[in-house]
Amino acid sequence: MQDEEGLQYVTHEFPPLYDQDSEILILGSIPSPKSREQGFYYGHPQNRFWKVMAAVLGELMPEDIAQKKEMLLHHHIALWDVLAECRIRGAADGSIRDAVPNDIASLLIKTKIRRIYTTGATAQKLYEKLVYPTAGIAAVRLPSTSPANCAVGFERLCEAYRQITENS
């Protein structure tokens, strides 16, 4: 249900992807409507996240959620979002209001995560404001893989995301 501003109250409905061997954390802002519908990250069919990650990691494109999880965990990559809840218009990060962060600091305690990356400007801004003070690890901003970020082509996305593997 939308409020008078056309914003919908959204809560993060699925857990972070990680295991005790995770060394890298990639954070989005909050799941899109398509991701919430699927119950997993980067669920919009035009989002290039999974295609980029497969290319960067030298893996085949995962076909289902189980393969996506296996691919990231095999490379010690955890996945979550900065926000636990907010008000948002559709998938428009720029409309986010009343943001409440996930407890990322507690995730860091359970893992070997020492590097954090955000997918896009909004995730970076929210991380710096709401999470960095308790997490204590500076995040590196990567370009968004969203279909809304069509100005950044696939090759440029891969080039940017390669730093995840080059710094390990």
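Which residue of β7 stands opposite threonine 119? In this predicted model, the residue facing threonine 119 is leucine 142. The two strands concerned, β6 (residues 115-119) and β7, run parallel and are joined by four bridges.

This pair belongs to an open sheet of four strands, ordered β3-β2-β6-β7, with parallel pairing. At its edges lie β3 (77-81) and β7 (139-142), each of which pairs on one side only. From one strand to the next, the twist averages 25 degrees. As a general point, the strands of a sheet pair through backbone hydrogen bonds, in either a parallel or an antiparallel manner.

Helix α2 (residues 49-57) packs on the sheet, where it touches β2 (24-28), β3 and β6. The direction of helix α2 makes about 160 degrees with that of β3.

The sheet and its helix are part of a protein chain with seven helices and seven strands. Along the sequence, these elements follow the pattern β-β-α-α-α-β-β-β-α-β-α-β-α-α. The chain has a radius of gyration of 15 Å, close to the 15 Å that the globule rule gives for 168 residues, so it is as compact as a globular protein of that length. The C-alpha trace spans about 45 × 35 × 30 Å along its principal axes.

Contacts and surface complete the description. Of the contacts in the protein chain with a separation of 6 or more, 64% are between residues 24 or more positions apart. Buried residues account for 47% of the 168 residues. The accessible surface of the chain is about 8,600 Å², and carbon and sulfur atoms contribute 50% of this area.

Terms used
Residues numbered from 1 in each chain as written. Predicted model: local features only at pLDDT ≥ 70, side-chain atom pairs only at ≥ 80, totals over all residues. Heavy atoms only, no water. Pairing = 2+ DSSP bridges. Axes fitted to C-alpha atoms, helices over the stretch in contact; angles between N-to-C directions. Contact = heavy atoms within 4.5 Å. Rg over C-alpha atoms; globule rule 2.2 N^0.38 Å. Buried < 20%, exposed > 50% of the residue type's maximum accessible area, 1.4 Å probe, protein only. Areas by Shrake-Rupley, 256 points an atom, 1.4 Å probe, with all protein chains shown as cover.
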